Amino acid sequence: MLLFDTVFNGNDAVYKLTEDAVNSAIAQHGEDKAVGFPDTAYGLPCYNAVTGTKIKTLKDIKDAMGVVKSLMTRERRLNDAFMSGVATALCAEFIEALKYIDGATPYAEPCYGHLADAIIRELGVPLVTGDIPGVAVILGAAPTAQEGADLVKSYQEQGILVTLVGGIIDQVAEVGMKTGANVRVIPLGKDVTSVVHVVSVALRAALIFGNIQPGDAANLMKYTFERVPAFVNAFKPLDDVIVACGAGAIALGFPVVTNDMDYANGVKVPKSLIRLEDVSKFNAVSLEARDIKIKITHIDIPVSYASAFEGEIIRRGDMQVEFDGSRVDCFELVQTKEVAEIEDHKIELIGPDIDEFEVGSKHNIGFVVEVGGKKMQTDFESVIERKFHTYINGGEGIMHTGQRDMIRIRISKDAFNAGFRAKHLGEILYAKVKNDYEAVVDRCQVKIYTNPEDCKELRHGLVFNVFEKRDERLLSLTDESVDVYYSCILCQAFSPSHVCVVTPERLGLCGAVSWLDAKATNELEPEGACQIITKEGVIDEKLGAYESVNTAVNKYSMGALEKVTLYSIMEDPMTSCGCFECICGIEPMSNGVAIANREYAGATPLGMTFSEMASMTGGGVQTPGFMGHGKHFISSKKFMAAEGGLERIVWMPKELKDFVAERLNATAKEMYGIDNFTDMIGDETIAEDPETLYTFLQEKNHPALSMDPLM
Ligand code: SF4
Ligand code: ZN
């Protein structure tokens, strides 16, 4: 078959290219020159994943070329074509790695090139919830710029993460489409070798979430095939190199759809290599080939709606109007009512509409979403309300930040010109609440207030009253005050043996699932991801060890886990999937723990970055001494309670410290009588090494220094 010749030819061509590039790099820099990508703990991730070897220098690459050669067999069996494709991907990774020598930044706006580990971890939750139902890799230039952009937009509107390689990048720019990780359209690079950066994401997902050991190529490919919902769209004209890369994609289980009908004699591979002239059909055919199902919520608004628009930013100059809770009275509120009091889908605007406001002006807004249903509980009000941020943000040209009465909403000029008005905010809330909470919300109506007087009166009356009651309820919710905890296994889609145990004082490590969220999820889907764990059979209260918890994790991890404790980082700690917001690890010199958040790319006193700390845990395995957790857990009375509590915290990045300061200081004061505890905690501006940190902690008389030894 000609296809094989093509793959082999392409592979040979890339191999030769790589060999030349490596040799000339060695001639220029010498064999000992360090190589690697920024912000990853996996070295050259593809090579590491496939072979189990971490490449550190140019010499290592040179040696690795021999290993790659061995993959390039010529037996003309299908499997060899695929392995040859993998070899091409590895060569591409070497070529890309050379671009990063000496800390160079080879990719400029809008291209990303290599993607950091943190981006992959961030994708965890949206991928498991189906918010991101798939990953598209688009290669080359579409027949016309408009057709290319339409295809990209069609995926974006489905929430699919789109990566772009080659000519398509200029095409989407030409039609004025915004790109970036925040809108889930990521231009990788214009050279075909930059496609390896998305292959690298897929392979790292297997290492991060799947507990696949580097070098276990067979399980690696099984993992990407079964769990990474990616596919490739490659535009004509294909050449040998693209086809060889395509074979690599197929080896990982990603189908390739192309409009090149002639190349390599028009050979097809069922479900893997699909030829299709009509680009407008690429979307449907690709989703079918990869078996991706899209959740559709029909929302009656004049702009596009998709989770991909959640991260969109609307600048001052682009906005039609703004509602700003930090300056004027604004709020959002969910209220439970009797079903009979609600007229389903009634959306009322009380006050002036957006077209009565001056361009660029600031206004009041308040929405009350009234819900009713036999199974509705007031506990779910805050759970639903917290989703408003995501809901409203999904509209293209609509930006929402904050919550409760500290919200800010911007509506872009483009959205306004498309006909977007205040009532459409109500349409979004109605549609999403009914869709996501259909099991508890039978009827829903929305009232939108835009008069300053109404907003002021409601905010200072009804709204504050509700918030106050809710806060009291939250404060009264402790691990001791409830009878049940919840398991969450949402992340098993990527981490097959991972189970989170969610308690009132310990939210899921992703930060997105609180005890109330888990309770609501259980009510919505009794057979779903969150199951009740009745608190029974105390083994050790201090550790938070319970027979019922052990039985549950054993059951939901399919036997992979025997026991976990709720409050210890040393003894049977809870496992991590990989999408944790933070990770803490023991800092032996100061007898405490350092915490790093995912956004922090710098060094920590552990001598490791967040990525490196994170790579020590994950994949549903227990790793005493390291633990993934949510940001809000840091101020919990149960944080490391078994090892002495949050007094153990000796270091955090400044940004994280500022974020948790108010709550953390309040807990430290209440529990230990310490004032301004965060002033005693180091950060990167104070110390990045254990010695300097230790001196600082001594000066501050940090409590960890005199606590029982951790190890
Ligand atoms: Fe995943 Fe745990 Fe969050 Fe559930 S609570 S989504 S299992 S990280
Ligand atoms: Zn997870």
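**Entry 1**

I began with the side chains of Glu-312 and Lys-178, which meet in a salt bridge at 3.9 Å, N to O. The model is a predicted one, and I read each entry below as a description of that prediction.

I then looked up the domain assignment, which gives domain 1 as 3–289, domain 2 as 307–460 and domain 3 as 481–706. Across the interface of domain 1 and domain 2, I noted 2 salt bridges. I also noted 4 residue pairs in polar contact across this interface, with both residues at pLDDT 80 or more.

For the extent of the interface, I recorded that 8 residues of domain 1 are in contact with 8 residues of domain 2. The area buried between the two domains is about 720 Å², and carbon and sulfur atoms give 44% of that area.

**Entry 2: the zinc ion**

I next asked which residues coordinate the zinc ion (ligand 2). I found Cys-491, Cys-577 and Cys-579, each through SG, at 2.1 to 2.2 Å. Along the chain, these donors follow the spacing C-x85-C-x1-C. Cys-491 and Cys-577 link distant parts of the chain, being 86 residues apart. I placed Cys-491 in the loop between β15 (484–488) and β16 (500–502), and Cys-577 in the loop between α18 (547–556) and β20 (582–587). Are Cys-491 and Cys-577 buried or exposed? I recorded both as buried.

**Entry 3: backbone geometry**

I noted a cis peptide bond between Glu-109 and Pro-110, with omega about -5°. Pro-110 lies in the loop between α4 (78–99) and α5 (117–129). A cis peptide bond also joins Lys-236 and Pro-237, where omega is about 0°. I located Pro-237 in the loop between β4 (230–234) and α10 (240–251).

I then recorded a positive phi, near 65°, for Asp-102, a residue in the loop between α4 and α5. Asp-102 counts as exposed because its relative accessibility of 58% is over 50%.

Asn-591 likewise has a positive phi, near 65°. I found Asn-591 in the loop between β20 and β21 (592–597).

Notes. Residues numbered from 1 in each chain as written. Chains lettered and ligands numbered in written order. Predicted model: local features only at pLDDT ≥ 70, side-chain atom pairs only at ≥ 80, totals over all residues. Heavy atoms only, no water. Donors = N, O, S within 2.8 Å, 3.2 Å for Na, K, Ca; no water. Helix = DSSP H or I, 4+ residues; strand = E, 2+ residues; numbered from the N terminus. Buried < 20%, exposed > 50% of the residue type's maximum accessible area, 1.4 Å probe, protein only. Domains from an automatic or database assignment. Contact = heavy atoms within 4.5 Å. Buried area = accessible area lost by both parts, 1.4 Å probe. Salt bridge = Lys/Arg side-chain N within 4 Å of Asp/Glu carboxyl O. Polar contact = N/O pair within 3.5 Å; in protein donor to acceptor, adjacent residues only side chain to side chain.
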